[in-house]
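Here is a short briefing to read alongside your structure. Take it topic by topic, with the viewer open.

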Amino acid sequence: MAESIDLPSRLAILPFRNKVLLPGAIIRIRCTSPASVKLVEQELWQREEKGLIGILPVRDAAEIKPVAPIMSQGEGTDSLDQRSKVQGGLSDSHKLDVKNQHDVVHWHNRGVAARALHLSRGVEKPSGRVTYIVVLEGLCRFSVQELSKRGTYHTARISSLEMTRTEMEQVEQDPDFIMLSRQFKATAMELISVLEQKQKTGGRTKVLLETVPVHKLADIFVASFEISFEEQLSMLDSVDPKVRLSKATELVDRHLQSIRVAEKITQKVEGQLSKSQKEFLLRQQMRAIKEELGDNDDDEDDLAALERKMQSAEMPQNIWKHAHRELRRLKKMQPQQPGYNSSRAYLELLADLPWQKASKELELDLRAAQEHLDSDHYGLVKVKQRIIEYLAVRKLKPDARGLVLCFVGPPGVGKTSLASSIASALGRKFVRISLGGVKDEADIRGHRRTYIGSMPGRLIDGLKRVAVCNPVMLLDEIDKTGSDVRGDPASALLEVLDPEQNKTFNDHYLNVPFDLSKVIFVATANRAQPIPPPLLDRMEVIELPGYTPEEKLKIAMRHLIPRVLDQHGLSSEFLQIPEGMVQLVIQGYTREAGVRSLERNLAALARAAAVRVAEQELVPLNKGVQELSAPLIENRLAGGAEVEMEVIPMGVNNRHISNTFRITSPLVVDEAMIEKVLGPPKFDGREAADRVANPGVSVGLVWTTFGGEVQFVEATTMAGKGELHLTGQLGDVIKESAQIALTWVRARAAELGLAAAEGINLLEGRDIHIHFPAGAVPKDGPSAGVTLVTALVSLFSQKRVRSDTAMTGEMTLRGLVLPVGGIKDKILAAHRCGIKRVILPERNMKDLVEVPSSVLANLEILLAKRMEDVLEQAFDGGCPWRQHSKL
Ligand code: ADP
């Protein structure tokens, strides 16, 4: 910026519409109007030495406000003192038509001389119009003496409004000026720091503040803000440096304030965003303050409670030490710290475990125990006997570590309820731990605490739940544990059941030994065979084979029906299920060894009856009134004579209600109701007859986890290449049995009269397909050998087998019938299914003693030594081909 500028007396004037160029400001404009283009061309572009031009603000007529000195063309207004004359003197003559447009403009009488810092010329296509882009720098103020138009653009006679150096020096001595300039600099400095802080710019502006004279700085600063045209004009008009400084200070200050307000608002918004962070910080501070003050906060209260709980847990000394160490560590931790919660949960477990707490054992009265078992369970004489023996030993030697009882049998035969009966006979608490599907050793022993989400094993968890150290613990479905890569749960169980080791059972999570020796373990399993031998060795297996229909009927009448009625808020006054109907349910709707689905069906009947009662189908209002208790009568009569619904007071139990609504006659379940509720019968005695109506089907007896079952074997033949197809979820053993059966039949084809002559290939041009229906049930085991042969013989001979005869037995390649397992279950299953004759391997005769005599009385048992014996019995009228046989 030049220190002093020699202004010519006349300047070409470039009008700035509603805009002011202040000295020190730099502006980039584009000139497109013919007048301005001409001006730039002549005054700047074509000149060798770039000259100066005058920038004069003009204002639209509509925007004129009588505040600023405005002049009209030809009328020179000059100097400050003349301003008053021009103010308000706006008449039509002062207006000028610019650019031949509609608008009339007014020239300001003060402007700023400017020089071009940069010029560029452009030609618009296709019009060929010339335009200029000019970068102008404002230099100094001037006043217009006279404005005239030369050709296309205006020129003006001007006089400089800048002070001379001596004048300026004088002003600079003026104390007012000094004060004003100090004030301005301070404000400007503040603004710069705020801006620098915000934009992180360097200190260039500060340098400017120190080097440029203050009266010029005022212009430069104001030029950089966005202020109104009026304010720009008044700044331009501030020729006196003092006035200029005070105005600039005011504007800079205003700008500063607006920046501050904006900043405050953003801070507020940001503050809301980080509210949670702030909260966290405050909480931390609060904690620190409380610590300083020695105040207990909630967490500490909690920890104190935990400590009290730990103290009352009666832990053994060494475990208490360990726990206390852990507690000390926990106290030093912050609740937000990782590990705090897991450490706390661990201590809670230690405090919750029943280290010494035991339920007081009753003086064992064997007779009472027997009565208890009898009242809970029908039948099961041998089982109950064995339990009583077990209890007797315990009575004589309370710390005797007898074998673990293991109830083995199909579902629903009362294994679980027997175990809980043992608990109540001993006056101990009962806890059931399900081991079904447990493949991970950690399920028994827990996960080490180093793992995320680690937990204690099921045993420790069970003990925590039951809260005594001497419960009866039922290890349910112990045969369903398996082993895989995650370890062997069975070996962990071995430790649990071993009296030598279970005194110091080590759960990985707990990490301190726990004494399990006071726990009475009882196990259940569907089958004994999958239980690993070492485990089985520790247990005494008590088999519960399943019930005969007669037993089921008794169980239903004595135990299930009263229980089911009670569960549904009914009594025998409401619902009666006659024996005949229970029998119907047993025969038509259940085919199980236990009584679970029978209980379910009875419950369905009770539900249906409950609905009827609830619908008040059975409640004759007028008859019941005299029986009702007083408050109910009041309720009933309060609303008028006829009350459809009433509010039954809380606390009146179901039995009360049933008594209240005494009914004239109970609902008696009949066939129609059974059919309505349970649907048409699922099983009828005709199944076997229907299934064996065609040759090629035989009736076998198999053993599954659900007990014994009747299994049909279907064989058929079709054109093919002599292949054997087998379907129906079969294991390898059964596939081999089928091969053996086919080979045997082929080898005996002639003897059995299946082929005309020896040596004829039975499979010539045909395939055999053997199917074991009920595809969803996996089958394995060799006991289907005789059944397979019978089916094949029936197929080839086209003779039907007897529908009342079922069979089981393994067969050797040479036709010997070998004994098989599960005879009792199989016979019971045959009995359930209405089979009248059962063919068994001769060597299984010894197993018949286990079968209830009531069942045997209804069955004809046929013993077979060789396959031919089986065939002899399986077909109507014996085996007609036997006479041809050489065997
Ligand atoms: P499991 O454990 O063998 O699968 P549950 O013990 O759960 O069978 O018995 C199923 C239901 O049958 C229980 O309600 C049980 O009381 C009842 N139950 C089984 N056998 C008898 C029985 N002999 N006498 C009375 N109720 C029995």
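Cys-31 counts as buried because its relative accessibility is 3%, where buried means under 20% relative accessible area, exposed over 50%, and partly exposed in between (1.4 Å probe, protein chains only). Cys-833 also counts as buried, at 16% relative accessibility. Please keep in mind that this is a predicted model: local features need pLDDT of at least 70, side-chain atom pairs count only at pLDDT 80 or more, and totals for chains, interfaces and linings use all residues. Residues are numbered from 1 along each chain as its sequence is written, and side-chain values use heavy atoms, with hydrogens and water left out.

**Cysteines and the chain as a whole**

- A search of the whole structure turns up zero disulfides, a disulfide being a pair of cysteine sulfur atoms within 2.5 Å.
- Of the 887 residues in the chain, 46% are buried.
- Taking contacts between residues at least 6 apart in sequence, 75% join residues at least 24 apart; contact means heavy atoms within 4.5 Å.

**The annotated active site**

- The unreviewed UniProt entry lists Ser-783 and Lys-826 under "active site".
- These two span 44 residues in sequence, yet no two of their C-alpha atoms are more than 10.9 Å apart, so they gather at one spot.
- UniProt positions are given in the numbering used here, feature names are shortened, and annotations may be inferred rather than shown by experiment.
- Ser-783 sits in the loop between strand 22 (766-771) and helix 29 (785-797), and its 10% relative accessibility makes it buried.
- Leaving aside neighbours within four places in sequence, Ser-783 is in contact with Leu-701, Thr-808, Gly-809, Glu-810, Val-820 and Lys-826.
- Lys-826 belongs to helix 30 (residues 823-832) and counts as buried at 1% relative accessibility.
- Not counting residues up to four places away in sequence, Lys-826 touches Leu-701, Val-702, Trp-703, Gly-708, Ser-783, Thr-808, Val-820 and Gly-821.
- The side chains of Lys-826 and Thr-808 are joined by a polar contact of 3.0 Å. A polar contact is a pair of N or O atoms within 3.5 Å; within protein, one must be able to donate a hydrogen and the other to accept it, and residues adjacent in sequence count only if both atoms are side-chain atoms.

**Strand 22 and its partners**

- Strand 20 (residues 707-719) pairs with strand 22 in the antiparallel sense over six bridges; two strands pair if DSSP finds at least two bridges between them.
- Opposite Ala-719 you will find Arg-766 in strand 22.
- Strand 21 (residues 724-727) pairs with strand 22 in the parallel sense, over four bridges, and Leu-726 has Ile-770 in strand 22 as its bridge partner.
- In general, strands of a sheet pair through backbone hydrogen bonds, either parallel or antiparallel.

**Two buried polar residues on helices**

- Glu-307, in helix 10 (residues 298-311), counts as buried at 17% relative accessibility.
- A polar contact of 3.5 Å links the side chains of Glu-307 and His-324. Beyond its neighbours within four places in sequence, Glu-307 is in contact with His-324, Leu-327 and Lys-331.
- Gln-232 lies in helix 7 (residues 229-237) and counts as buried at 11% relative accessibility.
- Setting aside neighbours within four places in sequence, Gln-232 is in contact with Lys-19, Val-20, Leu-22 and Ile-227.
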